[in-house]
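Please consult the sequence and the structure shown below while reading.

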Amino acid sequence: MASSNFIDYVKINARSGNGGAGSLHFRREKHVEKGGPDGGDGGRGGHVILKGNTQLWTLLHLKYTKHVKAFDGKGGEGGRRTGAIGKDIVLEVPLGTIAKNAETGEQLFEITEDGQEMILLPGGRGGMGNDHFKSATNQTPQYAQPGEPGKEDWFILELKVLADVGLVGFPNAGKSTLLSVVSAAKPEIADYPFTTLVPNLGVVPYRDYKSFVMADIPGIIEGASQGKGLGLRFLRHIERNSILLFIVPATSEDIQAEYQTLVQELRLYNPQLLDKNRVLAISKMDVLSDEERLTLQQNLPNGIPTLLISAITQEGIEQLKDKIWDLINSPFPVQ
């Protein structure tokens with residue numbers, strides 16, 4: 001999908017509907033003396049609701065929807081008839097969408113399931129009709145409640161891609177190539193840095209019709225936590241991944257240093273990311289000679305499961321899938 005179509009951040013102004021006024025009415029029928037109050041309640045105002053939809057993966061459809069307004073409730077009527085409820089406005093969003101108050105930055109809730117509905121702004125309560133206020137000492141109440149006004153505020157909707165595995169690596173490490181080989185995703189692949197400008201998702205088939213979701217995150221460079229390269233814009237997407245798959249090419253001058261740089265950038269961004277399961281894959285193994293392979297294997301980082309892979313020759317791909325599947329089904333982080 002074109003990069004311009006991936007929108008993971010929108011700011012909207014939402015306004016819920018006003019509640020309808022209660023009715024001030026008295027029963028008037030022929031041959032019925034002193035009918036008494038029978039004013040009905042007003043209907044509540046419409047809510048502004050967010051609803052999860054697995055068919056969406058971007059907030060593009062809300063990019064130009066800056067103002068959202070629900071409908072007002074109708075006033076009550078005589079005969080204790082309640083006014084109609086104001087129509088709700090339902091905004092469908094992809095799973096992983098977080099709603100925040102734009103002014104305070106407070107996180108309100110997160111949409112994580114298909115069909116899940118959360119009220120972003122509640123509609124105003126409908127007013128009570130004068131029928132509610134009758135009593136032995138006040139048999140003809142001359143008042144009814146007005147409806148409560150709706151609420152209005154600015155909100156930020158932020159998408160964090162939901163995937164089992166997040167690919168982490170420098171530009172041109174081979175992340176997009178790996179995703180294109182193990183899934184049906186077709187990310188852009190080219191021999192220059194920052195080919196991937198937006199996250200790409202792919203469903204990776206596994207044995208016995210099982211599968212897991214892999215996300216290709218735009219490349220990190222040293223200093224990303226300070227805004228260099230593509231900065232922090234896409235790092236938030238790996239916060240929802242259960243496994244971080246580090247990709248370092250076999251052609252790297254210093255594999256250990258490159259891996260440690262990636263770890264440090266994640267630590268500076270969010271130290272909790274390092275609590276996740278981690279796997280290191282050394283890509284582009286097909287370009288090495290046997291002697292170079294031996295040298296590389298003697299200089300691998302310690303303390304992390306490491307696999308040697310090649311998307312071209314398929315070397316190590318099945319073993320990588322096995323390792324990922326084991327970690328996905330592990331009840332505790334394994335380092």
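In this predicted model, Phe133 has a relative accessible area of 21% and is therefore partly exposed, since burial requires a value under 20%. Tyr143 is likewise partly exposed, at 43% relative accessibility.

A search of the whole structure gives four aromatic pairs. One of them joins Phe133 and Tyr143 in a tilted arrangement, with 5.1 Å from centre to centre and 50° between the planes. Both Phe133 and Tyr143 belong to the loop between strand 7 (117-121) and strand 8 (152-159), and they are ten residues apart.

Another pair, Phe246 with Tyr259, is edge-to-face. Phe246 is part of strand 12 (residues 243-249) and Tyr259 is part of helix 2 (residues 255-269), so the pair ties together parts 13 residues apart in sequence. Phe246 is buried, with a relative accessible area of 0%, and Tyr259 is also buried, at 4%.

The geometry of these two pairs is listed here.

| Pair | Arrangement | Centre to centre | Angle between planes |
|---|---|---|---|
| Phe133 and Tyr143 | tilted | 5.1 Å | 50° |
| Phe246 and Tyr259 | edge-to-face | 5.2 Å | 80° |

Ring pairs also link Tyr206, Phe212 and Trp325 into a cluster. At Trp154, the charged end of Lys11 sits over the ring, 5.6 Å from the ring centre.

The protein chain as a whole contains four helices and 14 strands. Of its 335 residues, 48% are buried. Its accessible surface is about 16900 Å², with 49% belonging to carbon and sulfur atoms. Among contacts between residues at least 6 apart in sequence, 73% join residues at least 24 apart.

How values were computed:
Residues numbered from 1 in each chain as written. Predicted model: local features only at pLDDT ≥ 70, side-chain atom pairs only at ≥ 80, totals over all residues. Heavy atoms only, no water. Helix = DSSP H or I, 4+ residues; strand = E, 2+ residues; numbered from the N terminus. Buried < 20%, exposed > 50% of the residue type's maximum accessible area, 1.4 Å probe, protein only. Contact = heavy atoms within 4.5 Å. Areas by Shrake-Rupley, 256 points an atom, 1.4 Å probe, with all protein chains shown as cover. Phe/Tyr/Trp six-rings, centres within 6.5 Å; stacked < 30°, edge-to-face > 60°. Lys NZ or Arg CZ within 6 Å of the ring centre and 35° of its normal.
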